[in-house]
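User: I am new to this structure and would like to know what stands behind the terms used for it. Please show it first.

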Amino acid sequence: MLGTLVNVAAIFAGALLGLLFGKGIPERYKQTVMQALALAVMLIGLKTALACDDILIIIGSLVLGTLLGEWLGIEEKLAGLGRMLEKKFAGKGDKGSMAQAFVTSSLIFCVGSMAIVGSLESGLTGNHQTLFAKSALDGVASVIFAASMGAGVLFSAMAVLVYQGSITLAAVAIKPFLVPEVVAQMSGTGGLLILAIGMNLMEITRIRLGNMLPAIFAPVLFYALTLLVG
C-alpha cells in the first residue's frame, strides 16, 4: 500500500497548493488552461487505447462493464458523495462546482494504465516505482486542477485511496489471470475512458464515465471464461 499512500499524499498536497495560489488567477486563464489539459488528457487516452490490438475484447468490456456500472449506479453514487462533501465543506462560491470537481478529478486520477499496473505491481511484487512516478504526475496535475476547478480536487485523494488500495489488496487473488495480454486489454479499455474524460472536460459531450469503470476489469472476466471453456 506504500505506493498508493504516497500517491494520495501527493494529490492532497498538490491540491492544497493549487487552492492557496490559484485564487488570484483570472477565470479566463483557468478556463484556457483546463482546455489545454483536456487536450493532453485526450492524447494520453488515445495513445493508450491504440496500444492494444484486441478491439473485440475492448468493445465487449465496454458494453459489459457499462451495463454493470449502470446497474450499480456508480456515477450517481460518486456524484452523491461529491454533493455530501459539498454540503459539509463548500463555501458559497463553490456551490454546484465542488461535486463536479470531485467526480472529474477522481476519474482522471483513477482511470489509466499507471493506476492499474502500478497497483498490481505494488500488490504482487512490492514494487512501488510506477505509483511513485504516478504520484509525481498527479501531484503536479492536482495543483492545476485545484486552481481551476476548486476544492473538490482535494477530496479525490480519498477516491484514489479506495480504488488503488482495493486493486493492490485484490492483486494476489487475481494473479493467475493477470497475463500480459489481459493487462494490455485493461490498459486499452482504460485509455478509451481517459479519452472520454478529455471530451467531458472540453464540454464536447457529457459521458457518464463513472458507470463505465467496471469495463476496465472486464478483460479479467473474459480471460477467466476462456480458461473455463478451454
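Analyst: The questions below take up the model's salt bridges, its surface, its pocket and its cavity.

User: What kind of model is this, and how are its residues numbered?

Analyst: This is a predicted model, in which local features need pLDDT of at least 70 and side-chain atom pairs count only at pLDDT 80 or more, while totals for chains, interfaces and linings use all residues. Residues are numbered from 1 along each chain as its sequence is written, and side-chain values use heavy atoms, with hydrogens and water left out.

User: Why is the contact between Arg 208 and Glu 70 called a salt bridge?

Analyst: A salt bridge is a side-chain nitrogen of Lys or Arg within 4 Å of a carboxyl oxygen of Asp or Glu. For Arg 208 and Glu 70 the N to O distance is 2.8 Å, so the pair meets the definition. Arg 208 lies in the loop between H9 and H10 and Glu 70 in helix H3 (residues 55-72), so the pair ties together parts that are 138 residues apart in sequence. Helices here are DSSP runs of H or I with at least four residues, and strands are runs of E with at least two, numbered from the N terminus.

User: Which other residue forms a salt bridge with Arg 208?

Analyst: Glu 76 does, its closest N and O atoms with Arg 208 being 3.0 Å apart. This pair also links distant parts of the chain, since Glu 76 is in helix H4 and Arg 208 in the loop between H9 and H10, 132 residues apart. Salt bridges that share partners join Glu 70, Glu 76 and Arg 208 into one network.

User: What makes Arg 208 partly exposed?

Analyst: Buried means under 20% relative accessible area, exposed over 50%, and partly exposed in between (1.4 Å probe, protein chains only). Arg 208 has a relative accessible area of 39%, so it counts as partly exposed. Glu 70, at 37%, is partly exposed, and Glu 76 counts as partly exposed at 37%.

User: How many salt bridges are there by this rule?

Analyst: The count comes to three. One of them is between the side chains of Lys 134 and Asp 138, at 2.5 Å from N to O. Both residues lie in helix H7, four residues apart, about one turn of the helix. Lys 134 and Asp 138 are both buried.

User: What makes the phi of Glu 203 worth a remark?

Analyst: Phi of Glu 203 is near 60 degrees, a positive value in a residue other than glycine. Most residues other than glycine have a negative phi. Glu 203 is found in the loop between H9 and helix H10 (218-229). At 67% relative accessibility, over the 50% limit, Glu 203 counts as exposed.

User: Why are Met 1, Leu 5, Leu 161, Val 162 and Leu 169 called a nonpolar patch?

Analyst: Patches are made of residues with over 30% relative accessible area and no salt bridge; like charges are joined within 9 Å, nonpolar side chains (Val, Leu, Ile, Met, Phe, Trp, Tyr) within 5 Å. These five residues form such a patch on the surface, with about 470 Å² of accessible area together, by the Shrake-Rupley method with a 1.4 Å probe and only the protein chains shown as cover. Helix H8 (residues 152-174) gives the most to the patch, with three residues. Leu 169 is found in H8, and its 65% relative accessibility makes it exposed.

User: What separates a cavity from a pocket?

Analyst: On a 1 Å grid over the protein atoms alone, a cavity is a set of points where a 1.4 Å probe fits but cannot get out, and a pocket is an open set with protein on both sides within 12 Å along at least five of seven lines; lining residues have an atom within 4 Å of a point. The largest pocket has a volume of about 660 Å³, and the largest cavity about 50 Å³.

User: Which residues line the largest pocket nearest its centre?

Analyst: The lining has 27 residues, of which Glu 27, Met 34, Gln 100, Ser 148 and Met 149 lie nearest the centre. The largest share of this lining, five residues, comes from H2.

User: Where does the largest share of the lining of the largest cavity come from?

Analyst: H5 gives that share, with three residues. Among the lining residues are Glu 75, Val 103 and Arg 206. Glu 75 is found in helix H4 (residues 74-89), and at 12% relative accessibility, under the 20% limit, it counts as buried.

Methods:
Points joined across faces, edges and corners; volume = space filled by probe spheres on them.
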